Amino acid sequence: MSIPAFGLGTFRLTDEAVIASVTQALELGYRVIDTAQIYGNEAAIGKALAQCGIPREELFITTKIWTENLGEDKLIPSLQESLQKLGTDYVDLTLIHWPSPGAAVPVAVSMQQLMTAKAQGLTRQIGVSNFTIPLMEQAIAAVGVENIATNQIELSPYLQNRKVVDWASQHGIHITSYMTLAYGKALKDAVIGQIAQKHNATPAQVILAWAMGKGYAVIPSSTRRENLASNLLAQSLKLDAEDNAAIAGLECNDRLVSPEGLAPQWD
């Protein structure tokens, strides 16, 4: 299993905005698109994909199952609906978006449903998102670590999530970072600014390069062509030990995404 290191996020983008973002990104060379059922943009992304002319096998598409669809009678039909909206026979990766609130649907049930979806060819790989260490343990117990492609978690210079990252790494679970730029807050950071100046790079490139250098996949989003193009260049930026040590020092457990009623007990 392999998760591409760099892709396009589409959180909070809908309708014409998401069509424009995805279209421009694909023109610039992006081939990885991350969406979710709850984003309400799968159909719009499907339109952009239908118009792009890029062969399906060159694309890597991720979607995420919403909490209401985690039950065994709902997960597969909901994924089939996502495929219909996206205009594709399969997605490359399907994640549980958030653990079932109050464990209404056990992790084992959802993971086994994902395994069935994989066996049916609806998804190439499966994984989890916003999972803590105990939740990852449950997922592993249900389907085996070899079947969990990634855990997509909030991770930025201000929330480095080391406990979860270290545990995942020891158990062979790959990490995908979302909110890597901390809603843009980290772009204004003086330490990041100094590193950017040193490398003649942008703050966004520095942060994305830092995350990829740690082995995480990143999925930044943008609606501006120049930012989409600039972010792509982060893949060729290499930070040194001094840069990494400076960014390590920015950790302050500043979690930005913790929706009431959805968020688990964080590690």
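Visitor: Helix α4 (residues 107-119) and helix α5 (residues 133-143) pack at an angle of about 50°. Why is α4 called oblique to α5?

Guide: Angles under 35 degrees count as roughly parallel, over 145 as roughly antiparallel, 65 to 115 as roughly perpendicular and the rest as oblique. The value for α4 and α5 is about 50°, with the axes 9 Å apart, and α4 is therefore oblique to α5. This is a predicted model, in which local features need pLDDT of at least 70 and side-chain atom pairs count only at pLDDT 80 or more, while totals for chains, interfaces and linings use all residues. Residues are numbered from 1 along each chain as its sequence is written, and side-chain values use heavy atoms, with hydrogens and water left out.

Visitor: Which residues of α4 and α5 meet?

Guide: From α4, V107, A108, M111, Q112 and M115 meet L135, Q138, A139, A142 and V143 of α5. By class, the contact (heavy atoms within 4.5 Å) has eight nonpolar, two polar and no charged residues.

Visitor: How do you know whether L26 is buried or exposed?

Guide: Buried means under 20% relative accessible area, exposed over 50%, and partly exposed in between (1.4 Å probe, protein chains only). L26 has a relative accessible area of 4%, and therefore counts as buried. The residue lies in helix α1 (residues 15-28). Leaving aside neighbours within four places in sequence, L26 is in contact with R31, I33, L49, C52, I54 and L59. From L26 to A119 the C-alpha to C-alpha distance is 29 Å, and the two are 93 residues apart in sequence.

Visitor: Why is S222 called buried?

Guide: The relative accessible area of S222 is 10%, and the residue is buried because that value falls under the 20% limit. S222 is found in the loop between β8 (217-218) and α9 (225-232). The side chain of S222 reaches the backbone nitrogen of R224 at 3.1 Å. With neighbours within four places in sequence left aside, S222 is in contact with L8, L13, S21, N227 and L228.

Technical notes: Helix = DSSP H or I, 4+ residues; strand = E, 2+ residues; numbered from the N terminus. Polar contact = N/O pair within 3.5 Å; in protein donor to acceptor, adjacent residues only side chain to side chain. Axes fitted to C-alpha atoms, helices over the stretch in contact; angles between N-to-C directions. Nonpolar A, V, L, I, M, F, W, Y, C, P; charged D, E, K, R; others polar.
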